[in-house]
Amino acid sequence: MKRIVPHEDLCMGCTLCQVHCTLAHSRTKDLVKAYRRETPRTLPRIKPAIDKPLSIGIQCHHCSDPPCVAACLTGAMSLDQESGKVVHDIEKCIACWTCVMVCPFGALTVSDEQKTPLKCDFCPDLEVPACVANCPNEALTLEEVADQ
Amino acid sequence: MTHYTIIGGSAGAVGGVEGIRKHDPAGTITVVSDETALPYSRPAIGESLDGRVDSESLRFGSQVFREENSVQLLLGRKAVSIDLQKRVIRLDNGQDLSFDRLLLATGAKPFVPKMEGMDRVGFCTFMNLGDIDEIRQAVPLARRAVVIGGGLIGVEAAEALANLGLAVTIVELRGWLLNLLLDREAARIIEAAARVRGAELVTGQSVKTVLGREGNDRRIGGVILSSGARVECDLVISAVGVTPRTELASQAGLDINRGILVDRHMQTSVPEIYACGDVAEAYDLIGGDRRTFATWPLARIGGRIAGENMAGGHIEYPGGFAMSALRYFGVPAVSAGLDAPETSGDFEVMRTQAKGSYRKIVLRDSRVVGFTLVRNIECAGLIHNLLRTQADVSSFKEKLLSPDLSFAHLPENVRRRTIMEAWA
């Protein structure tokens with residue numbers, strides 16, 4: 001399946017992936033409004049993991065056997081068999097943070113603004129996810145990765 | 001065609017069906033549950049009581065019990081005995097169910113200490129939807145509640161009742177809240193939040209007597225603590241602990257310690273009979289021996305392993321350890337593995353504390369064997385992964401206390417293995 005592949009040797013930690021992720025998930029799709037005028041504020045679902053000089057864009061990797069799905073207390077996290085994506089149903093989510101506890105990437109966003117954790121949804125309305133499309137250094141690429 | 005039977009209709013059963021169907025799309029699966037409700041998320045019953053979650057969202061495993069999986073759900077039926085020779089289960093209505101492979105996922109039941117007056121109306125446990133119905137009926141007439149036990153279930157109950165506007169007192173025998181999961185420092189943060197939300201905490205005490213109400217002795221009017229102090233209340237929730245439901249296994253003659261003993265394949269002492277979840281005493285990753293863990297995620301994971309092996313697979317249970325993510329009174333916290341073994345010299349404890357947040361990591365032989373995070377929990381999964389894989393952290397252990405700990409702080413071999421595993 002198509003996966004977002006991070007290239008740590010190419011990432012310069014510019015955080016543009018975060019900006020474009022926020023924009024893509026905002027209600028207004030307007031950069032200024034998304035950051036200044038939307039309440040609750042839209043939050044990014046990707047984070048630059050930085051331990052200088054190393055940086056990597058980290059988001060949900062839509063694991064083939066996701067620990068968050070196995071551990072989820074309510075079934076809010078599920079693996080869509082057809083698309084292979086990990087889907088988060090916020091109606092079922094009780095924000096127990098169990099997914100946060102078991103994600104080996106530390107990929108979920110926890111915030112005071114949002115009641116539930118946030119994760120990458122692969123930008124369902126876009127052909128190429130916003131983070132990949134806007135990474136200036138091609139440190140995030142969309143690639144077909146064969147399941148083993 | 002193989003006939004699989006699962007006793008218990010909760011997380012273990014969901015995992016069991018998932019595991020069986022991975023290898024065997026055709027065999028018949030019967031799930032027997034003594035609860036009348038469709039399978040639901042037990043850890044969310046508190047949210048169901050105070051209305052944060054509706055009954056539809058409370059359902060659990062509907063994907064697994066969907067029609068294509070053709071699982072026969074026998075609800076409201078209790079298995080009363082198992083004949084291992086004939087491979088037959090006797091149900092409480094006299095019906096016999098035959099099986100080829102059996103999974104015991106009967107879970108745990110509340111352990112309720114004996115106390116005077118516990119038969120009065122308004123004395124409840126907090127384990128299943130039946131309990132929630134009972135409490136829901138009592139709530140409109142109640143103003144004050146006493147929760148006996150400050151563990152996971154007690155705090156869950158206390159929070160839900162506080163949300164419903166009741167004045168709640170938690171009575172905890174040991175020194176602090178959630179003491180099986182958190183050390184004193186971590187617990188203090190949650191205790192402070194609980195007080196802000198109107199829950200009182202009495203430590204070092206137990207409830208000796210449940211008193212009747214003036215004018216109606218059948219109903220609860222208060223409790224007397226071990227100190228002799230009296231606490232007025234209309235409702236008492238007993239949440240002291242749980243005990244594995246091993247009666248069926250014991251009657252059938254399976255090997256039992258505290259729980260049903262299972263091997264790394266989740267098989268009991270009798271071939272083709274498996275157990276998982278709160279009732280199973282399975283491999284303990286950190287202790288190396290076998291232990292019971294009343295943990296929802298482990299029940300589903302153990303169920304999957306059992307299910308796969310029942311259907312011809314050969315996979316090993318990676319081993320369990322205590323793990324709880326907590327959301328109580330608005331304070332996110334995570335605790336896993338060993339908590340506070342500071343008394344022994346074999347352990348190295350690293351900790352860092354800032355206002356309202358806390359991080360503690362317990363190491364043994366340069367491996368993470370336990371950790372606690374309060375408030376700043378986003379990196380919890382990174383540490384959990386090091387614990388789960390028992391990775392040698394000696395070359396980077398100081399980084400684990402970094403306030404902005406991220407995937408980038410892990411060494412290259414760990415990063416690479418984690419990605420390979422995720423995409424495998």
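Visitor: Where do the domain bounds used for this structure come from?
Guide: Domain bounds come from an automatic or database domain assignment. The model is predicted, so that local features need pLDDT of at least 70 and side-chain atom pairs count only at pLDDT 80 or more, while totals for chains, interfaces and linings use all residues. Residues are numbered from 1 along each chain as its sequence is written, and chains are lettered from A and ligands numbered from 1 in the order in which they are written. With bounds of this kind, chain A is divided into domain 1 (1-59 + 120-141) and domain 2 (62-105), and their source is an automatic or database domain assignment.

Visitor: How many residues of domain 1 of chain A are in contact with domain 2 of chain A?
Guide: Two residues are in contact if their C-beta atoms, placed from the backbone, lie within 7 Å. The centres of the two domains of chain A, taken over C-alpha atoms, are separated by 20 Å. On the side of domain 1 of chain A, the number of residues in contact with four residues of domain 2 is four.

Visitor: How many residues of chain B are in contact with chain A?
Guide: Chain A gives 34 residues to this contact, and by class its side has 21 nonpolar, nine polar and four charged residues (Ala, Val, Leu, Ile, Met, Phe, Trp, Tyr, Cys and Pro count as nonpolar, Asp, Glu, Lys and Arg as charged, and the others, Gly among them, as polar). On the side of chain B, the number is 37.
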